[in-house]
Amino acid sequence: MPSDTQYAWLEARLDEAAAEGRRAIIFSHLPVLPEATQPHLLMWNYRRMLQVLARAPSACMFVSGHDHAGGFALDAAGVAHLTMHGILECTPEEAAHAVVHAGGDGVLAVEGFGLVGTHRVEPRT
């Protein structure tokens, strides 16, 4: 669970990105969107993180793990939440990874392999 200091740091980085016209992808071990994970696996103060993301126009994607079943959903602010599948749950023949392509048009294309789905994420409006 991020501390107040860590939240302040994240908010400052998201503000910098917005001021420079850049987008930000946030990585965390713990998921924060109930629709993209199982409820008992959420970050304890996930609501606070969702508020930070909603206020930050630069935030476009939140990538997490922890839930080995994986998941994907958009939150109310339009931030994409990708919960990665646990590779340790795969058989030797399976895969569970993705490549995120960020185009100049603002679209993020998540190219999933194996257990990870492929998604197109439109820019936030």
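Reader: What makes R55 and E11 a salt bridge?

Author: The closest N and O atoms of R55 and E11 are 3.5 Å apart, and a salt bridge is defined as a side-chain nitrogen of Lys or Arg within 4 Å of a carboxyl oxygen of Asp or Glu, so the pair qualifies. R55 lies in helix α2 (residues 46-55) and E11 in helix α1 (residues 4-19), 44 residues apart, and the pair thus links distant parts of the chain; helices (H or I, at least four residues) and strands (E, at least two) are DSSP runs, numbered from the N terminus. This is a predicted model, in which local features need pLDDT of at least 70 and side-chain atom pairs count only at pLDDT 80 or more, while totals for chains, interfaces and linings use all residues. Residues are numbered from 1 along each chain as its sequence is written, and side-chain values use heavy atoms, with hydrogens and water left out.

Reader: Why is R55 called exposed, and what is E11 called?

Author: Buried means under 20% relative accessible area, exposed over 50%, and partly exposed in between (1.4 Å probe, protein chains only). R55 has 54% relative accessibility and therefore counts as exposed, whereas E11, at 28%, counts as partly exposed.

Reader: How many salt bridges does this rule give, and how are R13 and E16 placed in helix α1?

Author: The count comes to 5 salt bridges. Among them, R13 and E16 meet with N to O at 2.8 Å, and because these two residues are 3 apart in helix α1, about one helical turn separates them. R13 is partly exposed at 31% relative accessibility, as is E16 at 36%.

Reader: How do you know that β5 and β7 are edge strands?

Author: The open sheet of 3 strands has the order β5-β6-β7 with antiparallel pairing, and β5 and β7 (119-121) each pair on one side only. Two strands pair if DSSP finds at least two bridges between them, and 3 bridges join strand β6 (residues 108-114) to β7, so that pairing meets the definition. A109 stands opposite R120 in β7.
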